[in-house]
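Thanks for coming, everyone. Please bring the structure up on your screens, and then we'll walk through a few parts of it.

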Amino acid sequence: MSYQTEQSPERVEHLFVDQRDLETRLAATSPDLAAILERSLAGRAPTVDEATELFALQGDSLAALVGVADELRRRAVGDTVTYVINRNVNWTNVCFVGCKFCSFAHLKNSPQAYDRDVSDVLHRIGEGVALGATEVCMQGGLNPAMPDDGYLQLLRAVREAYPDLHIHAFSPMEIQYGAHRMKMAYRPYLELLLETGLNTMPGTAAEIFDPEIRKILTHDKLDTASWIEIVTTAHEVGLPTTSTMLYGHLETPRHMAEHIEVLRSIQRNTGGLSEFVPLRFIWQNTQLYAEGLVSPVPQGRLDIAVYATSRLMLDGLVDNLQSSWVKLGRELATLSLDAGCNDVGGTLMEESISREAGADSGEYTSAEELRSMIMSRGREPRQRNTLYDLLDESDDGHLAGQPTNHPAGGWSGSLPTP
Ligand code: SF4
């Protein structure tokens, strides 16, 4: 099954004014589906075959899935919805890889190409710190003009300038490139980054793990086995990562179920995944769309099914499910809080990757806006740090002190001793 043939917009607002209780919703579905959902409520997460069905649900069946996802979210993390005040820095958009889903990258002679020097990066981070950022997130293209130790130089400069800032940086693709340029194996390279001041890594560049789809999207420059090796090794040396999945392009429900199965397996082995972020494919300015390989997938049903199924699949393994306002827009991201999500991500302050692809949600959402999105669904907003420790706040919600451990919101991972 492919989503490419979906034509009409699929509104989902009705799901979130549905007053029926969970029992009534379950009774309105088929016995087979009700059995899968009831097993989930009893702590047995769906298999890959079962999840494949869940990703494709609609109507009353989707309403029942959403109800179960909401209940599992409540049990796992309560009614708190978290956000992080962070500063994104996409420090270069020069990249030679040419992924067909990416509109961010440019070749070095393109008029839109940029390569920010260290002082520019530090200045941008300073803007974020002045606004209360606890994290800088740095990712960029694979720029051949970078010195062999370019990532280390950048990291060293940021760490020296901001000794206490959490540095969340370098996708597995960048780790592969950086290690290659330094002629180092992944493990010593990651250890060197850790010693130099890296705190955590984004689990981006995951896209979709299916090898055939991956080949079309990325030329398989970072194959699935290498992604798994880099992320697993990062966890082993003491670098937690997030985890992601790109959806809404060429994938089928089974590809998504198999993708999350890989993440479940990693998490069982390492405990190093702090969150899962499903990322909707933004098609407008991509080569994939220009070549007629994808048709736009309407927003709504698919997104809600992805979030809700993810909550069921990762129950008991990854507590934190992040909704992406950059990809979905604020309205749908807010609704997704009732479909299993417990986090709205970061303020960002600069987000070139989705903007270049055609997303129109802007590059900055203030902490106040994030809080009001959360409260509009009757939930409690709380500022967190990168690893999901809740931060002390004053009465008006502004950061007042140091992390507090909070049983409902803390990171559920447990890293092995390096
Ligand atoms: S997704 Fe990353 S690696 Fe691929 S072209 Fe874009 S910047 Fe380069």
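One term before we start: two residues are in contact if their C-beta atoms, placed from the backbone, lie within 7 Å. Also, keep in mind that this is a predicted model.

Let's begin with helix α11, residues 253-270. What covers its buried residues? The list includes α3 (48-55), α9 (211-218) and α10 (224-237). It also includes β5 (241-247), β6 (273-280) and α13 (301-313). Among the buried residues of α11 are Pro253, His255, Met256, Leu263 and Thr270. Now the span.

Next, helix α6, residues 150-161. It has 12 residues and reaches 17 Å from first C-alpha to last, close to the expected 16 Å. Gly150, Tyr151, Leu154, Leu155 and Val158 are buried there. Down the axis of α6, these buried residues fall within an arc of 130°, so they line one face of the helix. Their cover includes α5 (118-130), β3 (135-139), β4 (166-169), α7 (172-181) and α8 (186-196).

Last stop: Ser171, in the loop between β4 and α7. Is Ser171 buried or exposed? Buried, because it has 23 C-beta neighbours inside 10 Å, and the cut-off is 20 or more. Leaving aside neighbours within four places in sequence, Ser171 is in contact with Gln139, Pro202, Thr204 and Ala205. The C-alpha atoms of Ser171 and Met201 are separated by 6.4 Å, though the two residues are 30 apart along the chain.

Note on methods
Residues numbered from 1 in each chain as written. Predicted model: local features only at pLDDT ≥ 70, side-chain atom pairs only at ≥ 80, totals over all residues. Helix = DSSP H or I, 4+ residues; strand = E, 2+ residues; numbered from the N terminus. Expected span 1.5 Å × (residues − 1). Buried ≥ 20, exposed ≤ 12 C-beta atoms within 10 Å, placed from the backbone. Arc of directions from axis to C-beta.
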